[in-house]
Amino acid sequence: MLTEGAYDLTTGAGLIACPRCDALHVERELEPGETARCVRCNTVLASPRAGAFTRIIALSFTSLVLMVGAVFFPFLEISRMGFGNQTSLFGVALAFSHGALMPLTVALLGSIVGLPVLRAVLLVYTLLPLSRNRRPFAHAVPAFRLSEALRPWSMAEIFVIGTAVALIKVGGLANISFGPAFWAFCALILVNAASNAFTSAATIWDAIEDAGLPTDGREIMPEHRA
Amino acid sequence: MTPGQDQHAPVMTAHRAGLAGCRGCGRVWPESETICARCGGALVPPDRRCLNAVWAWLAAGLIFYVPANLFPMLKTSVFGGLRGSSESTILGGVVELIHYGNYWVAAVIFVASIVVPLGKFIAISWLALVAGRPATVRQAHKRLVLYEIVEFIGRWSMIDVFVVAILSALVQLGFVASIHPGPAAVSFALSVAFTMLSAQSFDPRLIWRGLPLRSRKDPE
């Protein structure tokens, strides 16, 4: 275990490298509300927020509930001259289910439903013990790493903007009405944005480490503060 | 907070100190380590090896971008084809939207499907070409901003694929009007995914590798 501010340039203990520009920084435990930025490229290194873990867990559960609504309720309805059609999120994904376009269905369902759900579950799994000051669950490290790796591929918010564009495109062709799933999806975007604002990967890695995963004795423990 | 707090002084990096910094969590390890013991991520030295992957994914993205523009994105038929059935490519769709006066939507589709992908191809190629070359601090900052824009904006090109999916699921009014997706949708989605992978393979630390060890005549 290290005391705060002590570092070793031969092993790298007590140091943090900026992931964007590789500049070395001496690690320090931040107070909630503080933000650490790289001295060279200004990238945010860590920004712990008070109660962030509990909030992320709450927001993840909210997004799971909303996703159930978004998947099973009708999404959009269209009608013209007595002909009508209603579609759910599954219907949208299945639009590509003919022949060669089949793989796109899987990718589409994955990026708008599967990955957001998986990320919410992984975040809850990682943060639930940490928010109660317990040891992290087994495999919390790969779980959180997977969640971070999947972040750019979860495209729910892009899908909502796509919906807006599609609606304007068919606006002149037929009457359109929104189903509950559409509103659930809009709410989901806000919830995800709030959750992302609270997530600071460096802080979560630090918390996993402090909560007792073996990492070569490099963690800075609060009671060992200089 | 750093050895080298001052902006003007050359900054000590993990690589110069003979250490390896983890790109996932920031922990610093001796250069001999290959896996970060904290987050389990691979420790990769910031060298030009990553550029192979960047060029490979970029080429794949570029290849799939060609059929994405040549083949139809949407097949529309109105009144069972009596009022004409049309197949529109990406550019054709934009022209059609302008024709109907939907300038705003036309602009969104044009930017998301043509300007952004082409801009990304150019930006990534440029970043990969100048990576590791000498640069001033100001140039390096500019390159990093460009990289962050490319990284952020890449996913938004998917918007056109989602539009096609929603339209073809929704507009199934039998005889009156129906819309079906065309083969361009798949190649466009693949092109976007490959360019995203290309941007992710680029190591932004290379931008800073080009800085001279001692700042000679930096205007900063």
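A: Helices and strands here are DSSP runs, and a strand needs at least two residues. The model is predicted. In it, Ala17(A) belongs to strand β1 of chain A, residues 15-17.

Q: How many helices and strands does chain A have, and in which pattern along the sequence?

A: Chain A has 7 helices and 7 strands. Their pattern along the sequence is β-β-β-β-α-β-β-α-α-α-α-β-α-α.

Q: Is Ala17(A) buried or exposed?

A: The test is a count of neighbours: 20 or more other C-beta atoms within 10 Å make a residue buried. Ala17(A) has 29, so Ala17(A) is buried. For chain A as a whole, 41% of the 226 residues are buried.

Q: Which residues does Ala17(A) touch, leaving out those up to four places away in sequence?

A: Within chain A, Ala17(A) touches Asp22(A) and Leu24(A). From chain B come Ala14(B), Gly21(B), Gly26(B) and Val28(B).

Q: How many residues of chain B are in contact with chain A, and which element gives the largest share?

A: The size of an interface is often given as the accessible area lost when the parts come together. Here it can be read as residue counts: 58 residues of chain B are in contact with 61 of chain A. Elements giving two or more residues to this side of chain B include β1 (19-21), β2 (28-30) and α3 (103-130). The largest share, 9 residues, is from α5(B).

Q: How many residues on that side of chain B are nonpolar, polar or charged?

A: On the side of chain B that touches chain A, 41 residues are nonpolar, 13 polar and 4 charged.

Methods. Residues are numbered from 1 along each chain as its sequence is written. Chains are lettered from A and ligands numbered from 1 in the order in which they are written. This is a predicted model: local features need pLDDT of at least 70, side-chain atom pairs count only at pLDDT 80 or more; totals for chains, interfaces and linings use all residues. Helices (H or I, at least four residues) and strands (E, at least two) are DSSP runs, numbered from the N terminus. A residue is buried if 20 or more other C-beta atoms lie within 10 Å of its own, exposed if 12 or fewer, and partly exposed in between; C-beta atoms are placed from the backbone. Two residues are in contact if their C-beta atoms, placed from the backbone, lie within 7 Å. Ala, Val, Leu, Ile, Met, Phe, Trp, Tyr, Cys and Pro count as nonpolar, Asp, Glu, Lys and Arg as charged, and the others, Gly among them, as polar.
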